[in-house]
Amino acid sequence: FLTKFVLAALPKKNKELVDAVLTEIVRDFNILFETGFCSGGRRWFGACTGSKGDLKWVQRIAELERSFGSQISIGKPMCHECMAGTPELPFEDSTHEPLWGPTCYTVRPFSVKPILCHIPFEYEGGDDNPPYERFFRRDIFHNTKQGVYRDFIASCVMLLAKMHYFDVDGESNRRDVLLDRAYFHFRWFCKTTGRTPALRGFSLSFFNSPSWHAFPWVNCKGSDTTHLLAWVHTMLVGFQNAPLKDEDSTVLKHMVNAADSARTLQRICYSHHLWLNKTCGGKLYKEMHAFARNYNACAFLAMHKYGFTGFGMKSKYHLICHAKLDVLKVLQNRDASLVPNLQLFGYEMNEDIVGKNSRLIRRVSARTASSRALQLYLTKAKSVYRRFRKQQMKLKCQRITR
């Protein structure tokens, strides 16, 4: 409540209303950038470093004509940052120098300049048609915890079930029964490691897997994704040490490596501050590349060796490869001494604020939902601020007394 300032609360996603609110936000940002404000006898100016949100929000406010959400044909560019998607530029390319790399920010993904892009921003190149799409930052939270990690977890569990690692001789081995056994294993893992997940069971609908031919993904919160990822990693290591068949060793190895890289990537991002030195940045790039490479290998082996459609190649996998390429460019720049943390534009804290305001809107009158939600939000913020000031004054008095 003391670090996020809510400018608007919209009960419905009305396009005209959203555009009107964004227009006012742009006007205020421009005044802050050009005129500034006075405080403590000094004039301060503000600059915008970008806009963050999930891909659906970016597509909506930027009216993207080239994006994964509006892809309706095969062999066409599908990324708003590059021209990947054609047979010559496969978006699944996760090598150190992907074929789509040189096409980044070369062609605008929209025909009309987005409203938010009227805010002054530092674009590279200085040409007459700057890459406005750079203003919309990638959200590592939606790309990992709420993205490719959920596909990875579900694909691992369902592939292990298909490979008979949850089977029990003499008992029913239906798919729903196998998931019940998997949840029993997950529950005891959480108890022994002191974890408290929010989910209360596994089901075919939870894994979005109505059949073996559907690409599974778990519909869980970000915190549960972390717990599930730790459990999957531990379980895979055990199965790798004692595989049912020798031919399973290859895919188990790739799944273990992908899970290990995913967890290490999270630890690096959450254990560092805003900037990483180049040593830690190199480790970050190494883990991102290892995860992308092993995830790709799992998708290939699942399809061609086990006839299983898992490890879906989606937009968030491609956006992780974009983030990986950006980190590599910074590492290769000899003039740069620091690497920006991927959490710089993470959306997790904003997600909490959105959730709080959504609950407020559902509890007030529908006629005055916006104004009442903002009033209640400001009331809570004021009470939190007063409590914070009292604590500060109390600590100050204690220091004076000593």
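**Exercise 1. Describe how helices α7 and α8 pack against each other.**

Solution. Helix α7 passes α8 in a left-handed crossing, where left-handed means that the near helix is turned anticlockwise from the far one by less than a right angle, and right-handed that it is turned clockwise. The model is a predicted one, in which local features need pLDDT of at least 70, side-chain atom pairs count only at pLDDT 80 or more, and totals for chains, interfaces and linings use all residues. Residues are numbered from 1 along each chain as its sequence is written, and side-chain values use heavy atoms, with hydrogens and water left out.

Next, take the angle: α7 and α8 pack at about 150°, with their axes 10 Å apart. Axes are lines fitted to C-alpha atoms, for helices over the stretch in contact, and angles run from 0 to 180 degrees between N-to-C directions. The two helices are therefore roughly antiparallel, since angles over 145 degrees count as roughly antiparallel, under 35 as roughly parallel, 65 to 115 as roughly perpendicular and the rest as oblique.

Finally, look at the residues in contact (heavy atoms within 4.5 Å): among them are Leu284, Tyr285 and Met288 in α7, which face a set in α8 including Ile320, Val327 and Leu331. By class, this contact of α7 with α8 has 13 nonpolar, 4 polar and 2 charged residues.

**Exercise 2. Work out how α9 and α10 are oriented to each other.**

Solution. The axes of α9 (residues 348–363) and α10 (residues 369–401) come within 9 Å and cross at roughly 125°. These helices are therefore oblique to each other, and their crossing is right-handed. In the contact, Ile353, Asn357, Leu360 and Ile361 of α9 meet Ala369, Ala373, Leu376 and Tyr377 of α10. By class, 7 of the residues in this contact are nonpolar and 1 is polar, while none is charged.

Definitions and conventions:
Helices (H or I, at least four residues) and strands (E, at least two) are DSSP runs, numbered from the N terminus. Ala, Val, Leu, Ile, Met, Phe, Trp, Tyr, Cys and Pro count as nonpolar, Asp, Glu, Lys and Arg as charged, and the others, Gly among them, as polar.
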